[in-house]
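Q: I've got a complex loaded and would like to learn how to read its interfaces and confidence scores. Can we walk through it together?

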Amino acid sequence: MPPASNDCEIEFRNISKRFGPIRALTDVSFVGRRGSVHAVTGENGAGKSTLIKILAGVHPPDAGEILRDGQPIRFQGPADARAKGVSTVFQELTLLPNLTVAENLFLGREPRRAGFIDRGEMRRRAREILGHVGVELDVDDMCGDLTISEQHLIEIAKGAAAPSRVIIYDEPSAALDAPGVEKLVRLIEEQKAAGKLVFYISHRLDEIFRLCDVTTVLKDGQHVATRPTRELTRESLVSLMVGRELGQLYPRRSARSGAPAISVNDLAINATAARVSFEIKRGEILGLAGLEGQGQREIVRGLVGLVPHAAGSVRKHDAAGETKIGEAIVASVRAGVGFVPEDRKSEGLYLPLSIEQNIGLGMLRSASMSSRARIDKTRVKTLMREMNVRARDEKQSVGSLSGGNQQKVMIGRWLAAGVDVLIVEEPTRGVDVGAKAEIYRLLREFADAGGAVVITSSELTEHIGLCDRILVVRDRAIVAEIDGAGATEEIVMRHALMSAPGQGAST
Amino acid sequence: MMGRSARRFGRSGLGYVAIGLPLAMFALLAAFAPEFLSLQNIVNVNNQITALLIVALGQLLVALIGGIDISVGSVVSLTSVVIVSVNPALAVPAALALGVVVGLANGLGVSFGVHPLIMTLSSMTFLQGLALLWLAGSGGTVPAPLVFAAKTSAFGLPAAFYWCVAAIAAASVLLYFTRFGLRIFAIGGNAQSAGLSGVRAFWPSLACYVLCSLAGVVAGIYLTGRIVSGDPTMGAPFSLDSVTAIALGGVQLSGGVGSVAGAVLGTITLGLITNGMNLLGVSPFFSAALTGVLLLGAISLQRRKVIGI
Amino acid sequence: MSGVAMDEARPGWARRAAGRLLSLPIAYYGTAALLLFAAAARPNLLQPFLLLLILRQAAPLGVAVIGQSLCIRLLSLDLSFGGVALAVSYILTSGFLPFPEPVLIAICLLFGVAIGAINAFFITRLRASSVIVTLAMVLILSGVVTAFSQLRAPGDSPEMLRYIGQTRLGMLPITVIVWVVALIPMALFLRLSVFGRYVDAIGANPRAALTSGVPYVRAIYVAHIFSSLFAVLSAFLLVGFVGFGSLSIGADLALNSLAAVILGGVGFGSGKGGVLGPAVAAFMLMFTFNLLTSIGLGEPGKQMAQGAVVALAAIAYAARGQERAH
């Protein structure tokens with residue numbers, strides 16, 4: 001361990017944390033210094049969010065300790081952490097939709113006079129805070145009525161408002177528009193100048209190189225390196241994060257794509273959204289890319305009929321003819337479309353049930369409810385072997401599997417069901433690198449066998465590495481179509497942030 | 001769902017139905033039941049809705065944190081039994097203590113992970129049994145001060161009016177002027193997010209269940225004073241009626257959205273319907289059935305995300 | 001015997017013996033404890049003749065429990081049994097509908113289908129809370145029936161139902177046979193059919209069932225229609241057993257069935273549950289009520305027991321769930 005020098009604000013010492021069978025962090029140690037912006041980066045599932053949640057007081061570490069000024073500190077919860085000078089801007093919105101901007105900013109530390117809430121004071125101070133960040137909003141607006149981007153700015157203002165020495169930003173730019181990002185950058189530079197320690201969690205290389213003085217890389221829950229950013233290049237940083245060449249991770253693209261499997265015509269996810277039209281061809285993997293919350297999720301969910309759409313139609317084409325789908329998920333599944341949701345624990349899997357039951361349900365997709373349930377157990381076993389599912393046997397409950405194996409079970413359900421279109425949200429969220437490659441291979445094999453795949457992903461590298469075609473979604477419209485082989489992060493980001501002239505989205 | 005109405009009415013949940021329904025009822029009754037507008041009848045309506053109003057305000061608190069309390073009717077009944085059964089000097093403190101115990105039991109069960117409907121359904125049954133075990137039928141002597149408090153009048157207005165004003169004022173101060181009030185809106189909006197802002201759900205939720213039971217106790221004291229007798233089943237309709245009242249008043253049973261005004265308007269709607277049926281000579285059993293229909297209608301207006309319990 | 005049968009109802013549940021014992025329904029331990037207690041304190045309750053009588057009392061509840069358990073496994077709840085039983089009793093005994101007995105019985109069955117479908121409609125399409133919907137249904141049904149019965153009071157039960165309710169085949173009351181005959185096909189159906197698999201899936205994770213295209217809404221319709229039909233059947237047995245219609249018939253059917261299902265090891269949100277556990281629990285409850293009556297705690301004692309049983313069992317399962325989550 002390096003000795004704590006006098007500008008050391010926070011030291012992580014041998015932090016470990018596990019969630020059930022999954023090791024989120026193993027023995028992580030590094031130091032964050034006063035007056036610096038400190039990037040914490042790594043792929044999805046590397047342990048970034050867990051680490052900052054430990055510093056934010058949300059989770060206690062299983063082992064190890066956090067030191068401030070050389071003294072161990074423990075937090076009893078987020079409120080305690082904030083009281084002790086560590087404030088956090090979480091990636092997920094923590095604003096209450098039914099509270100006003102001012103109420104949200106002061107929730108948990110409401111100003112009081114004579115025992116009652118002092119609303120005048122609260123409004124006044126809220127205006128000050130918003131003015132400081134440069135947000136022009138009425139402090140009496142309900143947060144539920146604001147746009148996602150505005151809500152994130154409020155979230156950032158909330159973190160800045162608390163008197164603190166350490167400020168954590170967890171993927172803060174994910175849902176900000178360009179002016180919002182500028183405001184954030186100004187704020188962070190101000191905080192750094194004031195001698196605060198800023199942790200900046202992100203996997204966006206541009207932002208890391210622009211903003212951060214020091215970069216810590218995590219991989220698979222382990223600390224890889226902490227270096228001054230100026231000593232790093234893009235290539236060296238990527239290789240630290242991934243630990244291997246990109247080419248090995250992704251399977252070879254297929255040369256040809258076939259007839260359309262699904263055609264989407266004038267689909268509007270709600271009354272005010274633009275209408276989108278596109279085709280998904282057999283043999284291809286299509287990516288819907290874009291900043292978080294731009295409508296990719298609603299488009300794929302509308303496409304399968306999980307959420308109602310305001311206008312438009314979706315058709316599936318088979319050898320036999322075409323079927324209208326997208327009205328109800330039950331009918332879409334019967335027509336041969338499988339959907340793999342992003343949150344596998346709450347929406348995808350039946351955790352208490354066995355692998356066999358989870359996969360077997362797919363085989364029942366076109367059976368009538370009163371008929372006898374026939375589950376081909378040999379097929380389940382074959383699939384488990386082919387997909388390389390690591391489990392005791394097919395009777396093991398899915399809840400006790402690791403993330404990667406759970407993901408394979410979800411995909412296996414649809415392979416067993418014999419569908420020919422797969423819609424996959426975030427195919428590798430919370431999955432270790434080894435399983436990632438296997439999942440990419442599974443999806444590619446599915447496409448090569450004549451299936452069609454659509455993915456959404458918040459990881460640009462995934463789109464660029466895996467997809468044959470990338471559609472960029474911005475403000476609920478498709479603003480660009482990019483050939484996967486020629487795509488780069490810069491090209492996709494340019495379209496995702498701002499449409500080029502001539503390609504503007506209809507508003 | 002929240003979209004436009006939230007913009008206009010904030011988190012009060014008030015909308016056209018909540019505001020329009022009592023007005024429409026009032027207009028209809030004024031037009032078709034001549035004696036409706038008489039002073040005596042208005043006083044009657046006030047008397048009839050007082051206990052329900054107090055219970056509905058308690059129910060409102062629980063609903064705001066996303067819970068529900070259908071044991072509150074049994075609390076009303078049991079209060080009535082306690083009032084006529086224990087030493088008159090101890091009657092009110094004993095009843096209040098009972099409310100605290102019931103509220104704690106409900107709140108602790110719910111925070112332990114039991115679904116609020118299951119938890120309060122079971123305490124509703126248990127307490128109803130206890131009330132019947134203690135006092136088999138109506139009877140007993142009600143302490144004179146309680147009768148006075150429920151039936152007197154001052155400055156030309158009946159006691160019921162003052163009970164209502166006091167209950168509304170207490171609920172309003174609690175909800176709109178204290179930290180506690182703001183925080184229960186926050187917890188009902190999203191307990192997890194509130195937790196990340198340092199507002200934990202446990203104590204405020206527990207307090208809401210205790211306050212709801214206490215509201216049942218207060219309503220029971222008032223009602224026992226009014227009818228000058230103990231009755232081990234008199235509270236039974238209040239459990240569902242109070243839910244109906246707040247649901248009609250735009251209070252979202254999923255939590256975070258609702259208002260004192262909504263609870264009051266919902267209670268008035270129910271009171272006017274009962275009164276109207278009475279004036280028009282409809283069988284009281286049919287009006288119970290109509291309450292069921294209203295309850296179905298009111299909760300059908302609130303689209304939840306989940307299907308089930 | 002019970003352990004083996006449980007395993008048959010839940011295929012592939014190879015757990016270690018200790019874990020298996022712990023996951024057995026509370027009803028098995030409860031019944032054993034009660035029988036031991038009765039053997040010590042009230043041995044006369046254990047005469048075969050009395051046990052059969054209690055079994056006969058338990059039959060209507062047992063039939064209702066089949067439907068309730070289906071609803072609960074789908075994370076719904078049906079508290080409308082009381083209202084349904086009341087309406088069925090009125091249709092059968094008031095002479096309000098001037099038809100022969102078989103027609104009246106058919107009308108009652110159709111009525112059950114209709115109520116189940118209406119409940120399911122509100123629960124699925126309008127996403128209203130099943131507890132509130134079905135309680136509101138009781139308010140409506142009992143309000144209407146009570147109002148009607150001022151015009152025409154209930155009378156004697158149909159001959160056919162009285163025969164079923166009051167006759168024995170050898171030692172066995174026909175009522176008990178009806179219970180078993182309803183139970184076995186349902187158990188087989190749940191174990192073998194696609195519907196049974198859907199019930200497991202929805203109970204384990206309703207949101208996953210939605211995203212993977214399990215016909216969730218239809219399954220709830222089927223469960224609630226079954227549930228109301230079993231409530232009608234239960235009312236047949238009650239009306240036949242009592243011999244005449246009444247306005248208090250089946251009033252505690254809903255709560256008792258809820259208690260029995262929870263005691264019988266069907267937990268909310270676990271997706272698990274056999275058919276035998278709840279059946280044993282139905283017997284256990286009836287035995288408890290008889291025990292309470294024999295020690296001088298009548299109707300109020302019953303209600304307190306119902307409330308306490310539901311609360312304690314729900315808390316116990318919540319505790320088990322928390323343990324599993326950690």
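Q: How many residues of chain C are in contact with chain B, and how many of chain B with chain C?
A: Two residues count as in contact if their C-beta atoms, placed from the backbone, lie within 7 Å. Here, 44 residues of chain C touch 38 residues of chain B. Bear in mind that this is a predicted model, where local features need pLDDT of at least 70, side-chain atom pairs count only at pLDDT 80 or more, and totals for chains, interfaces and linings use all residues. As for labels, residues are numbered from 1 along each chain as its sequence is written, with chains lettered from A and ligands numbered from 1 in the order in which they are written.

Q: Which element gives the most to the side of chain C that touches chain B?
A: Helices (H or I, at least four residues) and strands (E, at least two) are DSSP runs, numbered from the N terminus. On that side, α15(C) gives the most, with 16 residues. By class, that side has 28 nonpolar, 13 polar and 3 charged residues. Ala, Val, Leu, Ile, Met, Phe, Trp, Tyr, Cys and Pro count as nonpolar, Asp, Glu, Lys and Arg as charged, and the others, Gly among them, as polar.

Q: How many residues of chain A are in contact with chain B?
A: 21 residues of chain A meet 21 of chain B. α2(A) gives the most to chain A's side, with 3 residues.

Q: Where in chain C is confidence lowest, and where highest?
A: pLDDT is the predictor's confidence in each residue, from 0 to 100. In chain C, helix α1 (residues 2-9) is lowest, at a mean of 36, and helix α6 (residues 101-125) is highest, at 94.
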